[in-house]
Every structure is written in structure tokens, then in C-alpha cells.
Amino acid sequence: MSLLNLEKSELDELAAKVREDYEELKAKGLKLDLTRGKPAKAQLSLSNDLLELPGAGNYSDAAGNDLRNYGNLEGIKELRELWGKLTNIDPELLLAGDSSSLNIMFDLISWAYAFGTNDSERPWSQEETVKWICPVPGYDRHFAITEHFGFELVSVPMLSDGPDLGAVKELVKDPQVKGMWTVPMFGNPTGVTISEEIAKELASMEAAAPDFRIIWDNAYAVHTLTDEFPEILPILDIAAKAGNPNRFWAMSSTSKITFAGAGVAFFASSRENLDWYLSHAKIRGIGPNKINQLAHYQFFGSAEGVRAVMRRHAALLAPKFNAVLRILQSRLGEYEVAQWTEPKGGYFISLDVIDGTATRVWELAKDAGIVLTKAGSAFPHGEDPNDRNIRLAPSLPPQEEVEAAMDGVATCVLLAALEKLGA
């Protein structure tokens with residue numbers, strides 16, 4: 001029953017029914033929000049034991065260092081070792097910082113802009129232009145950082161196994177292309193995981209800029225929606241074997257594992273890159289919150305301890321994601337007016353509607369009391385050239401609100417499509 005195959009009279013009949021449904025939706029006076037991928041209260045409560053750790057009188061690491069004091073920019077060793085086992089990274093190439101990996105990413109870009117990287121001929125601020133590759137749909141907060149510095153953002157399609165490699169390889173022939181954003185596992189918002197083959201190509205490809213960097217933001221590496229934890233690629237080993245050890249700036253954090261505002265962020269890269277980073281970090285500050293790092297180490301206990309927490313997250317998240325997928329299929333599947341991802345992990349579902357209607361869907365939903373991430377937000381400067389993509393974030397609201405919101409969104413998608421077809 002594709003809308004594209006219906007006769008005009010059938011379209012008009014359906015449109016009348018959908019408009020009636022939409023008026024009923026508005027009459028409900030809903031106030032629902034699917035805008036950001038925040039953990040729900042029940043997820044945050046999984047880590048409440050952290051609030052009692054490390055406990056009075058417990059402030060030393062395994063080496064006997066007093067963690068209440070200044071120092072140790074690299075973070076406590078035992079937590080770095082735990083996280084290295086979890087993420088397949090040599091802990092000697094891994095730093096533990098404060099709560100936000102976005103802060104670290106901002107610092108990296110800022111310092112490269114002001115001073116140049118350890119491979120730069122000059123600070124990026126002295127380049128005629130700096131270009132940055134942005135796989136789309138992608139993470140709006142990533143794009144915002146490079147937008148903030150006035151970089152020229154160049155979009156490439158995100159495919160089922162990673163960014164369009166042909167497009168990327170062509171772009172990096174330009175020495176003004178200095179970097180690329182990636183979310184390698186359960187990507188935001190598509191849920192795509194970059195394949196080992198693509199990762200190896202990204203590591204080995206020739207780039208005209210000697211200081212070309214790929215920000216490998218593994219924010220969702222253990223955020224499965226099932227009981228399975230996919231292998232985390234040893235990206236630093238891959239890069240070293242490819243002869244480009246400095247290519248990757250790799251991030252991860254506990255932000256959506258424990259407390260989003262009080263977790264631990266991690267930065268991994270080559271020794272040379274870390275030394276460059278620390279040369280600036282030691283001027284910016286005198287050390288991270290090591291008491292919080294000790295608390296996290298005690299809370300997790302081991303890499304398997306992290307996975308155990310994540311299984312409990314999955315038990316809370318999976319029903320919400322399943323509800324979104326079920327409602328999209330039942331309400332829209334037969335009409336062929338939308339496509340959506342079916343992620344195995346992460347925090348988002350990417351919804352593509354008929355070209356030219358995403359903004360209208362967003363407007364209709366807003367007028368009905370359902371707030372969605374603005375159409376186009378998963379593209380640089382918030383501009384989707386096809387006006388088709390909407391990011392759905394079902395994690396925060398209660399299950400019943402997710403279901404009510406998605407039923408309403410489905411009505412809005414149908415109505416926008418019918419309007420586009422002139423019904």
C-alpha cells in the first residue's frame with residue numbers, strides 16, 4: 001500500500017483520516033521530549049553505590065599515592081589498566097581524565113589550532129583554511145566543535161560499514177584536510193559500527209596533510225542493547241602497523257555508564273601524541289579528579305564488572321528501542337514513506353522520511369507537544385540537503401511516553417508525506 005502507488009482519490013481519503021488523527025493527537029495536550037540521548041533515572045540509579053565510594057579514609061592508589069593531592073596528569077594506573085582491557089588498548093597509551101571526553105576533544109582541536117600538533121608545520125590558525133571530514137548523519141556536538149573554530153566542514157555519506165571510503169580517500173588528497181570525525185561503534189545517530197576492513201583502510205590510506213587526525217570517539221563501545229559485546233578494534237595497534245601511529249585520537253568515557261556529569265573520560269593515542277597533549281595539559285591544569293577515578297575503579301572492579309553494569313543498562317533500554325521499532329513498522333511500514341535503522345547498541349535511531357518533509361514532521365510534532373531533535377541536526381551547520389533525516393532518542397522518557405511519542409511521530413510522518421504528495 002505504498003503511498004506512491006495510490007490513486008488520487010485513495011490519497012485524499014487517507015489524508016482525511018490522518019488529519020483527523022492529527023487533530024486528536026493535538027487535543028491530547030502532550031508534553032513529550034525525544035531530543036537528547038540522556039540516561040533515564042533508572043539507569044543513573046544503577047550506579048548509586050558510587051556515591052559512597054571510595055569512602056572515608058580510602059584515598060590512596062595501589063602504589064600508595066595520596067589521591068587527594070595535585071598531580072598525575074595521566075590518571076591512576078589501576079583504572080587505566082582496567083579500561084585498557086575493556087577497550088583493547090595498551091594502558092600505557094591511555095590517559096584517564098575528568099568527566100567529559102567532549103572537553104578533551106575540544107582541547108585537542110583548540111591546541112592544534114593555537115599551537116599546531118606534533119606533526120604540524122604551523123598552527124592550524126595560520127592555515128589559509130582548515131577542512132574537516134564529517135560522516136553524515138553524524139553527531140551534532142562533534143560538528144559544533146569544528147564549526148566553532150571556523151573549519152570548513154565537508155560531508156561524506158555514512159554507509160552500513162562506515163564512512164564512504166572512496167569519498168574520504170579523495171578528500172585527504174587535499175593538504176588542507178586536517179581531520180575527520182568518527183563514532184566507530186553503534187554510531188550516533190545511525191547505530192553503524194565501522195568494520196575492521198574500513199578501519200584498516202582509514203589507518204593506512206595516504207593523506208596529504210602530515211598532521212591529519214581521525215578523532216575516534218568510541219563513546220558507545222560497550223553500549224549494547226543485547227547480551228553481546230562486539231570486539232573493540234585495537235585501533236592504535238592497527239594504526240602503528242599501518243605506519244601511521246599518530247593518526248588516531250581515540251576517546252571513550254563512563255558518561256552513560258555511571259553518572260553523565262561525574263564520570264571519567266579517557267584519551268588514547270600514540271606516545272608521541274600523548275606527550276604533545278600532556279605538554280599543554282600540564283599548563284591548563286595540575287591533574288584530574290583522582291578520587292573519582294578510584295571510586296570508579298572500586299565500583300567496576302574489572303572489565304567484566306563494566307560489562308555487568310552494561311547488561312543492566314541494556315535491560316532498561318532495549319524495551320524502549322523495541323517499542324520505537326515496533327511502532328514505526330506497524331504505523332509506517334506498509335506505506336513506504338520512511339526508513340529507519342535498527343541498532344544493536346548505542347542511544348539513537350536514525351529516521352529518514354520522504355525528501356523535503358523532515359522539517360515539516362518536526363514542526364507537526366512540535367505543534368502536537370512532541371519535541372524532537374531538530375531536522376538536520378545530524379548534519380554540519382544543521383543543514384540536511386535532502387531534508388530527510390530525524391534523530392530519535394528514546395532513552396530518557398518512561399516507556400509509556402516513548403510509545404505515545406512514537407505513535408504521534410508516525411502520524412506526523414504520514415501527514416507530512418501526504419501533504420508533499422498534494423493530498
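Asp140 and Arg391 form a salt bridge, with their closest N and O atoms 3.4 Å apart; the term stands for a side-chain nitrogen of Lys or Arg within 4 Å of a carboxyl oxygen of Asp or Glu. Because Asp140 lies in helix α5 (residues 140–148) and Arg391 in strand β13 (residues 389–392), the pair ties together parts that are 251 residues apart in sequence; helices (H or I, at least four residues) and strands (E, at least two) are DSSP runs, numbered from the N terminus. Asp140 is buried at 17% relative accessibility, and Arg391 is buried at 2%, where buried means under 20% relative accessible area, exposed over 50%, and partly exposed in between (1.4 Å probe, protein chains only).

The model is predicted, so local features need pLDDT of at least 70 and side-chain atom pairs count only at pLDDT 80 or more, while totals for chains, interfaces and linings use all residues. Residues are numbered from 1 along each chain as its sequence is written, and side-chain values use heavy atoms, with hydrogens and water left out.

Elsewhere, salt bridges that share partners join Glu121, Arg122, Glu127, Lys178 and Asp211 into one network, and a search of the whole structure finds 26 salt bridges. One of them links Lys17 with Asp21, the closest N and O atoms being 2.8 Å apart; these two residues are 4 apart in helix α1 (residues 8–27), and are therefore separated by about one helical turn. Lys17, at 43% relative accessibility, is partly exposed.
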